[in-house]
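Work through the exercises below with the sequence and the 3D structure at hand. Each task is followed by a solution in steps.

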Amino acid sequence: MRRVTEAVDHSDDDPDQRPLASLLGLHGRSLDVYRLIVSQPGWGVAEIAGDLGMTEPEVRACLDELAELSMLYSGGTAAAPVALPPGIALAALLHRRELEIQAQQTQLAAARALAAELAVTYSSNCGHRGNIGLERLDDVVAVRSRLAELATLAKHELLSFMPGGGQSEEALNASRPLDEHSLAAGVRIRTLYLDSVRNDRATMEYARWLSGLGGEIRTIPSLPVRLLIVDGTQALLPVDPENSRAGAVVVHAPGVLAALVSLFESHWERARPLGAVESAEAGAPTAQERELLRLLETGSTDEVAARRLGVSLRTVRRMMAEIMSKLGARSRFEAGLLAARCGWL
């Protein structure tokens, strides 16, 4: 008998399909077995084993795996396995995998943010020892002066993180002529604000004005540190992210700059453009609510979470109450368990 599978491509024969099958939870020859059951209905274990060159125990192990994934009919007493449409079972499985990947991406972003924060700490301490790759600015006046100078000297691109929620009128007024000058000179400006600024009238008016001139604005639930990168050759960061009056450092070291640019790009990819409206399934958490859950899970207090999200303490507690309502949780502890079970963390 001519083997049916000679005319069919299989995941084990194609190295490119192996990671895809594994992503779906299929291992070994299970995908081959499923294809053969679909193409040869009525075949039993012995016939499948003979066609695929497998032992009968190996085939039965594959059948168990497929049944567990709801790709085979598990009821009845028929000797021949019966295939079920893969759409529903695999759709649920893919959704679960997507949630797992999103969680991994969130953890990776958090790790990158931590690396950047550690780089700031290291840089500030090296600055005291006279490291030639750093320039220490000891007060607010010096920081503002250097910011203006860096913005004026930019030739290609300005990248910035703007944490802290809504910006002050003083800060916005000081930035306006600098940004206008840079854009007129052909400099690309990309700025990341917190999602919370969407509720701040003054900051949104400024963001729309800047966008109208060609600036690119996006928002994200939280940012690791205030940051300005100029042409990929200099970066300005605070010495203490929690105290702007502690001064700042200007980094020139290429290795640190490469890490900071990578940090910016990873946040930029996950951020929402200024004009985009967040869409979420009914009952699902918003991006800001997910970030609140992540912050609380990693040990942040309500006060720290409020600062990271750029909102008030009262808003954080209201958001947490809404999350508990969505989950049907009676306590924060229960909300954490249910959020993890639903793939929100």
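**Exercise 1.** In which loop does Tyr 73 lie? Decide also whether Tyr 73 is buried or exposed.

Solution. The model is a predicted one. Tyr 73 sits in the loop between helix H4 (56–68) and helix H5 (86–128). Its relative accessible area is 52%. The cut-off for exposed is over 50%, so Tyr 73 is classed as exposed. Tyr 73 also takes part in a nonpolar surface patch of about 270 Å², together with Val 82 and Leu 84.

**Exercise 2.** Find the strands that are joined to E7, and state which way the side chains of E7 point.

Solution. Start with strand E1 (residues 134–137): 4 bridges join E1 to E7, and the two run antiparallel. In this pairing Leu 137 is opposite Ala 248. Next take strand E6 (residues 234–238), which is also antiparallel to E7 and joined to E7 by 4 bridges. Here Pro 238 is the residue that stands opposite Ala 248. Finally, look at the side chains of E7 (residues 248–251): Ala 248 and Val 250 point one way, Val 249 and Val 251 point the other way, and all are buried.

**Exercise 3.** Describe the largest nonpolar core, and name the residues in it that touch the most other members.

Solution. This core holds 24 residues, and those touching the most other members are Leu 158, Tyr 193, Leu 210, Ile 217, Val 230 and Leu 236. At least two residues each come from helix H6 (140–153), strand E2 (157–162), helix H7 (169–184), strand E3 (188–194), helix H8 (201–212), strand E5 (227–230) and E7. The largest share, 5 residues, is supplied by H8. For a closer look at one member, take Ile 217: leaving aside neighbours within four places in sequence, its contacts include Thr 191, Tyr 193, Ala 207, Leu 210 and Trp 268. A second core of 21 residues is separate, and Val 225, Leu 227, Ile 229 and Val 239 are among its members.

**Exercise 4.** Is Arg 146 buried or exposed, and with which residue does Arg 146 form a salt bridge?

Solution. Arg 146 belongs to helix H6. With 11% relative accessibility, Arg 146 counts as buried, because the cut-off for buried is under 20%. Not counting residues up to four places away in sequence, Arg 146 touches Glu 135, Leu 137, Gln 234, Leu 236 and Val 250. The salt-bridge partner is Glu 149, with the closest N and O atoms 3.2 Å apart. Glu 149 is partly exposed, at 41% relative accessible area.

**Exercise 5.** How many salt bridges does the model contain, and which parts of the chain do Arg 188 and Glu 157 tie together?

Solution. The count comes to 19 salt bridges. In one of them, Arg 188 and Glu 157 have their closest N and O atoms 3.6 Å apart. Arg 188 is in strand E3 and Glu 157 in strand E2, so this pair ties together parts 31 residues apart in sequence. For another pair, take Lys 326 and Glu 289, whose side chains meet in a salt bridge at 2.8 Å, N to O. This pair links distant parts of the chain, 37 residues apart: Lys 326 is in helix H12 (residues 313–327) and Glu 289 in helix H10 (residues 287–297). Lys 326 counts as partly exposed at 35% relative accessibility, whereas Glu 289 is buried at 4%.

Key. Residues are numbered from 1 along each chain as its sequence is written. This is a predicted model: local features need pLDDT of at least 70, side-chain atom pairs count only at pLDDT 80 or more; totals for chains, interfaces and linings use all residues. Side-chain values use heavy atoms; hydrogens and water are left out. Buried means under 20% relative accessible area, exposed over 50%, partly exposed in between (1.4 Å probe, protein chains only). Two strands pair if DSSP finds at least two bridges between them. Patches are made of residues with over 30% relative accessible area and no salt bridge: like charges are joined within 9 Å, nonpolar side chains (Val, Leu, Ile, Met, Phe, Trp, Tyr) within 5 Å. Accessible areas come from the Shrake-Rupley method with a 1.4 Å probe; for residues, only the protein chains shown count as cover. A salt bridge is a side-chain nitrogen of Lys or Arg within 4 Å of a carboxyl oxygen of Asp or Glu. A nonpolar core is a set of buried Ala, Val, Leu, Ile, Met, Phe, Trp, Tyr and Cys residues joined through side-chain atoms within 4.5 Å. Contact means heavy atoms within 4.5 Å.
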